[in-house]
Amino acid sequence: GKYIGVYLITETIKRTESRLNLSKLKKTDQMGEEVEGGYILRFDKTDSDDEILWSSPFKSSPSQYQEANFVAKYPKYDDIQEPQIDYIKDYITSFETALNSEDFKDKGISYKSYIDLQSFVDFMIFNEFAKNIDGYRLSSYMYKDKNDVLKMGPIWDFNLAFGNVNYCNSE
């Protein structure tokens with residue numbers, strides 16, 4: 001009968017059969033189909049133990065927000081090889097280029113050929129419904145498996161959602 005707080009139990013996002021069942025990317029997987037996955041990336045500000053793969057070309061207003069970066073979650077930064085970094089960076093850059101092109105609907109260079117549209121739509125609906133201010137700029141996960149496209153998720157970090165803060169139009 002005595003209030004002692006709110007408790008939350010969650011699982012971390014990682015590559016396992018019971019969580020994200022992605023192909024294991026070995027250090028020797030450096031070309032061709034081998035290098036295509038699996039990757040787990042976090043788009044976020046960095047923690048002291050994180051290593052940045054690259055800074056996002058998209059920046060929020062520097063006066064209001066911190067810069068976000070792509071951070072390797074799997075494989076770990078110490079294990080990922082330069083050809084693997086180049087592959088996933090080039091893949092996402094190609095997606096962004098197609099999305100930002102005047103012919104973004106063109107079947108030859110369509111952004112849809114790089115992503116799982118349903119996972120991106122679901123990600124946006126969840127974040128909009130929750131008014132999650134971190135939803136598009138921080139704490140966002142994406143993953144890519146071999147012979148597959150980039151997917152958003154798993155959904156993560158809603159501590160600043162549902163009106164929990166009074167900035168970034170979240171009320």
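Reader: Which residue in β4 is the bridge partner of Phe 43?
Author: This model is predicted: local features need pLDDT of at least 70 and side-chain atom pairs pLDDT 80 or more, while totals for chains, interfaces and linings use all residues. Residues are numbered from 1 along each chain as its sequence is written, and side-chain values use heavy atoms, without hydrogens and water. Strand β1 (residues 39–44) runs antiparallel to β4, with five bridges between them (strands are DSSP runs of E, at least two residues, and helices of H or I, at least four, numbered from the N terminus; strands pair with at least two bridges). Within β4, the partner of Phe 43 is Ser 140.

Reader: Which residue in β5 stands opposite Met 142?
Author: β4 pairs in the antiparallel sense with strand β5 (residues 150–152), over three bridges. The two strands form a hairpin with five residues between them, and Asn 147 in its turn has a positive phi of about 55°. Opposite Met 142 stands Met 152.

Reader: How many of the five residues of β4 are buried?
Author: Ser 140, Met 142 and Lys 144 point one way from the strand, and Tyr 141 and Tyr 143 the other way. Buried means under 20% relative accessible area, exposed over 50% and partly exposed in between, with a 1.4 Å probe and protein chains only. β4 (residues 140–144) is largely enclosed by the rest of the structure, because the number of its residues that are buried is five of five.

Reader: What is the distance, centre to centre, between Tyr 91 and Tyr 114?
Author: Seven aromatic pairs are found in the whole structure (ring centres of Phe, Tyr or Trp, its six-membered ring, within 6.5 Å; planes under 30 degrees stacked, over 60 edge-to-face, the rest tilted). Tyr 91 and Tyr 114 form an edge-to-face pair with 80° between the planes. Tyr 91 belongs to helix α1 (residues 82–100) and Tyr 114 to the loop between α1 and α2 (117–130), 23 residues apart. Their centre-to-centre distance is 5.5 Å.

Reader: How far apart in sequence are the parts that Tyr 141 and Trp 156 tie together?
Author: The ring centres of Tyr 141 and Trp 156 are 6.2 Å apart with planes at 80°, so this pair is edge-to-face. Tyr 141 is buried at 7% relative accessible area, whereas Trp 156 is partly exposed at 30%. Because Tyr 141 lies in β4 and Trp 156 in the segment after β5, the parts tied together are apart in sequence by 15 residues.

Reader: Over the ring of which residue does the charged end of Lys 144 sit?
Author: A charge sits over a ring if NZ of Lys or CZ of Arg is within 6 Å of the ring centre and within 35 degrees of the ring normal. The charged end of Lys 144 is 5.0 Å from the centre of the ring concerned. That ring belongs to Tyr 91.
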